[in-house]
Amino acid sequence: MTMDSKYSPIDVEKKWEALHRGNGSFQPKGDGKPFTVVIPPPNVTGALHMGHALNHTIQDVLVRFERLRGRRALWQPGTDHAGIATQNVVERALAKEGKKRREMGREAFLEQVWAWKNQYEARIVSQVQRMGNSCDWDRLRFTMDEGLSRAVRAAFVHLYEKGLIYRGKYIVNWCPKDRTALSDDEVETKDGGEPGHLWHLRYPLADGTFLTVATTRPETMLGDTAVAVNPKDERYTHLVGKKIKLPLTDREIPVIADDFVEMDFGTGCVKVTPAHDLNDFGVFQRHPHIGCIDVMNDDASFNDQVPERFRGLDRFEVRKRVVAEFEELGLLEKIEDRMTPIGRSYRSGEPIEYRLSDQWFVDMKPLAEKALASTKEGRVKFVPDRWNDYYCKWLENVRPWCISRQLWWGHRIPVWYDEDGVPVAALEEPKVHPKTGKKIVRQDDDVLDTWFSSGLWPFSTLGWPGEAAKAGMPVESWIQPEVKGHFPTDVLVTDRGIIFFWVARMVMMANELTGMDPFHTVYIHGTILDDKGRKMSKSLGNGIDPLEMADQYGADAVRFSLLILSSEGQDIKLSPTKFEMGRNFANKLWNATRFVLPHLEGADDSVEASDPADRWIRSRLATVTKNVTKSLEGCKFAEAAMELYHFAWGDFCSWYLELRKNEIHGEDSPAKRSAVASCRMVLDNLTRLLQPFMPALSEELREHLGLGQAILASWPVFADAAVDESAERSFARLIAAVEGVRSLRGRYQIAPSRILSVTVRCDDQDVLSDLEGNRAALSRLAGAEVTLQVGGEKPAFSGTEIIKGMQVHVALEGILDKAVEVARLSKELAEAEKFAVAISGKLSNESFVSRAKPEVVEAEREKLQNQEHRAKLIRETLADLGS
């Protein structure tokens with residue numbers, strides 16, 4: 001087949017993805033050992049972002065790698081219902097039509113959400129497919145499909161009957177915007193806090209004196225039921241039991257003693273608001289006589305428990321009015337500016353309220369103990385391993401998990417109530433209560449936290465528990481043969497942001513419900529940042545659309561570039577131009593294949609290598625294959641990609657083809673047969689090695705080469721004997737010597753066409769022998785007449801490059817006028833030094849560094865480094881010239 005002069009990735013990528021998806025190539029096949037990866041399910045209403053692109057590429061590399069190694073590989077795809085996020089999106093869309101959720105009613109609203117889901121799920125799936133990902137799409141799951149819904153009910157009932165799920169009235173994190181409870185992990189607090197205030201309020205005693213309390217939320221004083229002091233604080237022991245007239249209200253509250261008060265913090269007096277503070281609720285549990293007053297509605301407006309003038313007002317408006325009234329009464333002692341920790345909903349960004357509420361909880365301690373053992377005993381490990389301690393510390397300090405959400409979209413809690421309000425948890429809706437015999441009248445209104453169903457993902461997607469979940473049957477019996485075929489899974493690939501949300505819950509749920517760990521390895525990749533080091537967000541407008549990049553550079557180029565940049569889980573600073581590297585690499589491979597393709601007819605891999613270059617490239621192929629295999633086994637994806645990049649672009653294209661192009665294009669001869677056999681061997685194995693990274697390009701090249709599809713091929717394996725260390729060492733020295741000459745050409749601005757006189761002074765006889773064996777290649781590639789020697793004096797008036805094992809000298813007599821060159825370089829050195837001093841002065845100016853944008857400061861530092869490096873090179877060159 002003839003190849004186009006230019007590689008056009010878009011059509012090629014779409015062709016091969018559709019072909020492989022349609023012919024079942026992505027399905028697990030054969031009788032090899034299973035290898036299973038479950039995709040972190042993207043939100044069903046979401047769009048693919050660059051974080052997805054990196055995450056999916058890493059998974060696809062693993063799955064394709066193991067598939068080529070003969071494993072029965074399954075990449076399980078699916079989407080997440082994303083409770084709060086999806087409900088918000090649909091509510092906003094309906095609002096544009098003048099519709100409100102509560103006016104529509106639950107059933108009508110859910111019909112709209114399901115319609116939305118059916119429309120937008122296809123979008124996110126097609127986007128994942130566009131990036132060349134080899135999921136088994138016939139197994140596509142959704143966290144609220146029938147099978148997964150049954151799994152959620154089965155898990156809930158088991159945990160409920162075991163006493164690990166319970167309902168209680170506790171302080172929860174409350175989002176006023178979404179009007180739902182949140183788990184602790186769904187609340188984000190900025191490091192160092194946010195600008196705020198500490199208000200010092202005076203509470204009057206009957207004798208005309210005051211107790212001063214300090215608060216960051218003065219509006220909550222309307223719900224105060226006591227003022228607490230430490231029982232050992234002699235300043236206040238005589239006041240314990242006395243009454244305080246609570247300002248702005250007609251209530252009196254007591255002074256109580258409790259050990260939780262720190263005597264040396266503030267005044268040593270603390271206002272107690274049990275319904276709106278976790279610590280204060282603990283005080284109430286120890287002193288129930290003080291009472292508990294919830295002063296807020298679910299939207300954080302104030303309710304009828306407060307004086308009428310505050311009712312119906314938003315919390316922040318109430319704050320203003322409370323502070324103003326305290327000031328009018330002379331009861332505002334002072335206001336301090338301070339950084340305040342403000343918890344915000346991770347979804348809406350709204351400041352949360354602490355609110356007393358009836359909610360469902362999971363007792364996490366028993367579950368966390370099992371998960372902790374999995375990591376401590378080495379059964380579940382994190383890569384990079386620095387995340388092991390991070391994960392374990394969270395498990396060691398885990399708190400009860402609030403799993404109920406006051407939403408309509410999600411898994412409705414499988415608890416029903418009889419006429420007397422007696423609850424029962426069941427897999428299916430009962431007609432009557434199994435214990436009381438009374439009629440069931442309603443189901444619990446709340447839905448489960450999205451992460452509850454996500455925690456079951458590694459086994460629910462595989463069919464657990466199916467029809468095996470039956471009341472009274474041990475949970476271990478719910479594992480069906482079809483589930484066991486791919487569970488436990490192998491590697492989970494995710495971002496550090498959901499280690500607690502998702503990873504921990506999967507390990508806990510799997511151990512509790514299956515008795516097994518869900519996977520053996522958790523790979524944590526870095527976060528994609530913009531080129532200034534900022535997180536990508538809609539508000540900043542700095543996001544990079546992977547689909548736009550795929551259409552501009554090719555999906556394979558995007559994949560390969562991301563992998564090259566993703567070193568050891570480090571964050572990635574990204575700009576669109578970074579994808580040029582992947583595109584250029586694809587073009588290089590295309591052009592190299594075009595270069596050799598017309599000469600490969602009849603090429604025979606069994607032909608012995610008759611030239612040192614052939615022995616070298618075949619040995620390098622074997623070495624690179626071993627290195628890439630080892631890197632992928634160790635989840636070192638950047639290392640594997642870089643190894644392939646340097647081999648394909650450097651060793652094969654830049655060096656080997658340059659050395660052997662005359663033989664490849666020449667008449668038939670043993671040298672030509674050896675060269676074309678080497679080319680075919682390299683391209684056959686290289687396209688298989690590249691298949692996990694650049695699947696479409698590898699398939700297209702193999703089709704032109706007349707080779708079978710890469711996805712159906714096997715991963716290359718070379719015997720140890722295929723590695724020729726002597727050939728690799730001698731060619732490494734040849735390349736180093738040539739690069740030394742080329743460096744000197746560039747330094748002295750000598751035209752490539754000029755034949756040079758080069759002397760290479762070798763450190764020992766071994767180096768000399770290796771270069772002597774490649775003398776012809778050295779002369780040709782360096783464009784020079786070469787003298788090789790061990791030791792000896794440096795030639796007069798010559799440029800020098802010092803390399804490990806040798807010194808390369810280029811004679812400059814007749815090429816340069818020494819005096820003119822010294823003058824030119826001296827002028828350049830003075831300019832570079834002057835520029836560096838100016839930049840250094842700017843960077844030493846504290847006013848500039850503190851006021852300028854970080855990216856501007858960083859750019860100046862980069863300029864300084866460049867100028868200092870330039871000056872260093874000029875000094876070295878002047879030293880060469882004896883000046």
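In which sense do E5 and E16 pair, and over how many bridges? E5 and E16 pair in the antiparallel sense over ten bridges. This is a predicted model, in which local features need pLDDT of at least 70, side-chain atom pairs count only at pLDDT 80 or more, and totals for chains, interfaces and linings use all residues. Residues are numbered from 1 along each chain as its sequence is written, and side-chain values use heavy atoms, with hydrogens and water left out.

**Strands**

- Strands (E, at least two residues) and helices (H or I, at least four) are DSSP runs numbered from the N terminus, and two strands pair if DSSP finds at least two bridges between them.
- Within the pairing of E5 and E16, Trp174 has Glu353 of E16 as its bridge partner.
- E16 also pairs with strand E18 (residues 401–402), in the antiparallel sense over two bridges; Phe361 stands opposite Cys402 in E18.
- Strand E16 (residues 353–362) is largely enclosed by the rest of the structure, because eight of its ten residues are buried.
- Buried means under 20% relative accessible area, exposed means over 50%, and partly exposed lies in between (1.4 Å probe, protein chains only).

**Loop lysines**

- Lys177 lies in the loop between strand E5 (165–175) and strand E6 (180–182) and is exposed, with a relative accessible area of 54%.
- Lys439 lies in the loop between strand E21 (423–425) and strand E22 (440–443) and counts as exposed at 53% relative accessibility.
- The C-alpha atoms of Lys439 and His200 are separated by 55 Å, the two residues being 239 apart along the chain.

**Salt bridges**

- The whole structure holds 67 salt bridges, each a side-chain nitrogen of Lys or Arg within 4 Å of a carboxyl oxygen of Asp or Glu.
- Arg379 forms a salt bridge with Glu377, with the closest N and O atoms 2.2 Å apart; Arg379 is partly exposed at 35%, whereas Glu377 is exposed at 55%.
- Glu828 and Arg824 meet in a salt bridge of 2.7 Å, N to O. Both are in helix H25 (residues 818–843), and because they are four residues apart, about one helical turn separates them.
- Glu828 is partly exposed at 23% relative accessibility, and Arg824 is partly exposed at 25%.
- Lys863 and Glu860 form a salt bridge of 3.1 Å, N to O, and lie three residues apart in helix H27 (residues 854–880), about one turn of the helix.
- Lys863 is partly exposed at 40% relative accessibility, whereas Glu860 is buried at 8%.
- Elsewhere, salt bridges with shared partners join Glu66, Arg69, Arg71, Asp490 and Glu633 into one network.
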